[in-house]
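Let's take a friendly walk through this structure together. Keep the 3D view open as you read.

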Amino acid sequence: MMQSDRMNEAAAPDAAAASAQPLLIRARGIAKGFSGNAVLHSVDLDLHAGEVVGLLGENGAGKSTLMHILSGGLQADTGTIEMEGAPVRFGSVAEGIAAGVSFVHQELSVIGALSVAENLHLGRMAKTAAGLVNFSLMQKASRALLERVGAGHIDPRKEAGALRAGEQQLIEIAKAAARKPRLLILDEPTSSLTPHEVGGFFSYVREARAAGAAIIFITHRLEEAMSLCDRVVVLRNGAIVSERRPAETTRQQLIADMTGKPAIYEHRPRSVNGGEIALSLRGVSDDRLLDGIDLDIRKGEIFGLFGLVGAGRTELLDLIHGVHRHKAGTIKLFGKELSLLDPSQAVRAGIALVPEGRKTAGILPQHSVRDNAAISSLRRFARGVFSDRAGDAGRVERHRQSLGIRMASDTQAISTLSGGNQQKVIFARALMAEPRLLLLDEPTHGVDVGAKSDLYGIVTREADKGLTVIVASSEVPEILALCDRVAILSKGRLAGVLERAEMTEDRILTMAFKEH
Amino acid sequence: MAMHSGLTFVRGLGRHREASVFAMLAAVAIYLSFASDYFLEPRNLLNVGRQASVVAIVALGQALVIIARGIDLSVGSVIGLSAVVAAVLMRDTGSEAIGLTAGLLTGLVCGLVNGVLYTRFRINPFIATLGTLSIARGIALLMTGGIPVPFGGFAEFVGAGRIFDIPVSFLLMIVLAVVVHVFASRTVIGREIYAIGDNPKASRLAGVNLRAIRLFVFAFCGLLAGLGGLILAGNLASADPNLGMGYELDVIAAVILGGTALSGGRGSILGVVIGALLMALLNNAFVLLGISAYWQVVTKGLVIIFAVGLDGLQRGSDDD
């Protein structure tokens, strides 16, 4: 599973496109373990100045551990790192930054109560002659900085907490850009960006490359890795298994490298039998974004909900789930009109949700796997006032098997599982509530390729058993892999519904960009 | 040096907070058994049990509030108001049943008010209960003109009586602790309380009725504070409008010492009882050792800071 796994036909590091450029980082034999479990086995990695390297791998492959070691957040157990030929050993993130290594994490650390300009100048605010903060100078510098990372539309005077997640992500990138790093590590920077923002961000990365920086780009989106990177490195089970040039490889090859198995999930034609309408929306509006949505979703159907960021996907699911009340129109579940005041009523009516944002809205981090899975169905299986603890254990075990959840025991804390397995537990939670309608909001966000294909299989299997599923997603490939029909939202309105035969990436995106 | 190694020891036990607070309890008890001849006398030990019982009973409710990620600062005032309402109605109607029922209802209503301020008006519970702390105390003073009202009968038996030499209030506390323990760990509502303290947003989306559970824990805490007021006044045979002043400090200290996380989602009822016993033992120590009562006030504050500091140090090592 270690060095022997490295593919022979893959390009050796020295043969990479940027080999003409000087070597910036040379890491050799990097190994790291946590409490006896080896996470990295003797990894060798070369990074050249002026090179963009894509780092791919499933969750738990060791990507973040390797990046933390390169940036000084963790120390390797064995192995050496040389920077321009001189051995270095960063004792802390601060030492790494001082040496020119910047790491933009997946988790946002923007300070919501401060302005964008203050966030960008944290710890190094400009002062006037009187010793007060020089806001006008900071705003000017911030504008230039934001422009560079393709976020010129953000007003530096604005409170950072009021920005969308994608905009906050750009602030993080701008913060790193301000340090003019020689090695810039970006961990899934594009997951919450709009297509337009991705474009601006890509031009910044190319500009930084031209200026001689080495860039490591971690992503789960293969298309982005293929279009942006000079070289793609795949990490699996703590070892580098392949290094390839995008021009000489394919999506399928990279997925096979990541998962170790060649097959990926493809849409399986299925027929939705029976014309029974499970969910029917007529003129549904909220007073903020959604306006006059009409939809009919059949029993057993996997129905997609696509839209760009801010189109209203999550907002629509929230109305159906009772998180917010609809202000106009009617929502009917199997012919019965719903007027929900709270998600607890939705769950009782048979509507379960797998929410977007596993960490913030999904898991109960201090609770065990079993308690996490059981929370939605406590009342369904209660005996009087008491909860059915013995029964919970049996139900969790059945779902562990049918969903393929990997864990040592259902009493371990959910936070000790990998992201994909945590998401499967959240799926188990929803299924244990025995819903008639399952709502999925970005169900595979931040989940690795292997778990993704597992989750697609689970959704299809449950739908075949008669469960009606709505999948809200911002990823067209996900919609194409999973859905029987798709509704496209644009700025809070329904831009149209496509049948399976009409569904192409091109058409979906065109409708999503439709203006009103 | 001994202090330092003691601190390390307690931190080492951090993952099992009941064990660490039990170790502190044992350490204080062992020290007192050497320092005072009187400490191990059954009379003294039972007295400690009696003193612990009111703090523990109110702390049972407070623990559920804190596990659900709230806090109730008003319990001390609710103790006073409930006692006064019960004593005044008992005096004016001549009916013990009406008085005691009204006392308990007063606690329940105060708790419901706290809960409604939090869930409907979205006022941070720290501020909402700080407000009711002042209002409840003010009403108690207004009702009595600041003068204590005599109080007796059944409440006096519960507060000061004994069954086979064991204080009734201590027995009541044990029974309630068992009931609340089973409630917290075995019932649907109990498990939902832990869930909303761990991640309120996720719990709501998973179908837990956030508002109802929050309202419930505040109402329950108020009810137990009302009961605590009746016991305390019964013990003194008098309902002083200033009764229970500063009790919120002892109660919250007992909860936190017992290993309940202020950040919610974590805590055990056994730990809360041990925490209350530790607070009572510290009070006893000052009396036995003849140290000024003023030092007692200082020490209580130090104990709270120590307990919360311990919580912070542990979470620090988890998150950073």
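Just after helix H8 of chain A, Gly260(A) takes a positive phi of about 80°. This is a predicted model, in which local features need pLDDT of at least 70 and side-chain atom pairs count only at pLDDT 80 or more, while totals for chains, interfaces and linings use all residues. Residues are numbered from 1 along each chain as its sequence is written, and chains are lettered from A and ligands numbered from 1 in the order in which they are written.

Step back into H8(A) itself, which spans residues 251-259; helices (H or I, at least four residues) and strands (E, at least two) are DSSP runs, numbered from the N terminus. Its buried residues are Leu254(A), Ile255(A), Asp257(A), Met258(A) and Thr259(A), where buried means that 20 or more other C-beta atoms, placed from the backbone, lie within 10 Å of the residue's own. Among the elements of chain A that cover them are helix H7 (222-228), strand E3 (51-56) and helix H15 (449-464).

Now find the open sheet of chain A, where four antiparallel strands run in the order E12-E11-E14-E15; strands pair if DSSP finds at least two bridges between them. Strands E12 (293-298) and E15 (336-337) of chain A are the edges, each pairing on one side only. Five antiparallel bridges join E12(A) to strand E11 (277-285) of chain A, and Ile277(A) stands opposite Arg298(A) in E12(A).

Finally, turn to the neighbouring chain: 26 residues of chain A are in contact with 19 residues of chain B, contact meaning C-beta atoms, placed from the backbone, within 7 Å. Helices H10 (343-349) and H11 (358-362) of chain A each give two or more residues to this side of chain A.

Definitions and conventions
A residue is buried if 20 or more other C-beta atoms lie within 10 Å of its own, exposed if 12 or fewer, and partly exposed in between; C-beta atoms are placed from the backbone. Two residues are in contact if their C-beta atoms, placed from the backbone, lie within 7 Å.
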